[in-house]
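Hi,

Here is the structure I promised to pass on. Please have a look at it first, and then read my notes below.

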Amino acid sequence: MYEIKIKDYSKNVYADLDKLDLIISKAATSLEKELKDSITKGVKSGKPYKRGKRVHISSAPGESPATDTSKLLNSIRAKRINKNAYEVIIGALYAGILEFGSSRMKPRPFIIPAINKISKLLDKVLGALFK
């Protein structure tokens, strides 16, 4: 007579899914933070110009955008869609022009560099989780 035993791994699977949701949530909020930090931190070396009573220093080509009105900055947010699914929204319509440039302006990339940075961290964490 043969005996077959089936082990129930469902508790482990559900625990891993909860961990995955937490990891994805942290990745989304980290991407939001990285995008915002790239705009607000670091020295900008573009041209200074007067905006009202203050002087604004723009970003130079190749640098992430400099904040001026905070419209771009305030349009960035991470949002949960459902379990294990998040999106990071950049609501400012001109974000793509800043990222890729136009016929009148060279690119000020901030989206792709932030995604690349967070993707590397996410790869390491997910690799450790699913070893």
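The salt bridges come to 7 in total, where a salt bridge is a side-chain nitrogen of Lys or Arg within 4 Å of a carboxyl oxygen of Asp or Glu. Before the details, please keep in mind that this is a predicted model, in which local features need pLDDT of at least 70, side-chain atom pairs count only at pLDDT 80 or more, and totals for chains, interfaces and linings use all residues. Residues are numbered from 1 along each chain as its sequence is written, and side-chain values use heavy atoms, with hydrogens and water left out.

One of the salt bridges joins Lys36 and Glu32, with N and O 3.0 Å apart. These two sit 4 residues apart in helix α1 (residues 10-40), so about one helical turn separates Lys36 from Glu32. Helices here are DSSP runs of H or I with at least four residues, strands are runs of E with at least two, and both are numbered from the N terminus. Glu32 counts as buried because its relative accessibility is 17%, while Lys36, at 25%, counts as partly exposed. The cut-offs for those words are under 20% relative accessible area for buried, over 50% for exposed, and partly exposed in between, using a 1.4 Å probe and protein chains only.

Another salt bridge pairs Glu34 with Lys117, at 3.3 Å from N to O. This one ties distant parts of the chain together, since Glu34 belongs to helix α1 and Lys117 to helix α4 (residues 111-129), 83 residues apart. Lys117 has a relative accessibility of 43% and is therefore partly exposed. There is also a salt bridge between Lys41 and Asp37, whose closest N and O atoms are 3.8 Å apart.

The largest pocket has a volume of about 340 Å³. Grid points are joined across faces, edges and corners, and the volume is the space filled by probe spheres set on the points.

By type, the lining holds 9 nonpolar, 6 polar and 4 charged residues; Ala, Val, Leu, Ile, Met, Phe, Trp, Tyr, Cys and Pro count as nonpolar, Asp, Glu, Lys and Arg as charged, and the others, Gly among them, as polar.

The His56 side chain comes to 3.4 Å from the backbone oxygen of Thr67. Beyond neighbours within four places in sequence, His56 contacts Lys47, Pro48, Tyr49, Ala66, Thr67 and Asp68, with contact meaning heavy atoms within 4.5 Å.

Leu73, in helix α2, is buried as well, at 16% relative accessible area. Setting aside residues up to four places away in sequence, Leu73 touches Lys36, Ile39, Thr40 and Thr67. Leu73 and Thr40 are 33 residues apart along the chain, and their C-alpha atoms are 8.2 Å from each other.

Two backbone angles may interest you too. Ser70, in the loop between β2 and α2, has a positive phi near 70° without being a glycine, and is partly exposed at 26% relative accessible area. Asn84, in the loop between β3 (76-82) and β4 (85-90), also has a positive phi, about 65°, and is not a glycine; its relative accessible area of 23% makes Asn84 partly exposed.

As for the overall picture, the protein chain has 4 helices and 4 strands, in the order α-β-β-α-β-β-α-α along the sequence. Of its 131 residues, 29% count as buried. Among contacts between residues at least 6 apart in sequence, 48% join residues at least 24 apart.

Best wishes

Terms used: On a 1 Å grid over the protein atoms alone, a cavity is a set of points where a 1.4 Å probe fits but cannot get out, and a pocket is an open set with protein on both sides within 12 Å along at least five of seven lines; lining residues have an atom within 4 Å of a point. A polar contact is a pair of N or O atoms within 3.5 Å; within protein, one must be able to donate a hydrogen and the other to accept it, and residues adjacent in sequence count only if both atoms are side-chain atoms.
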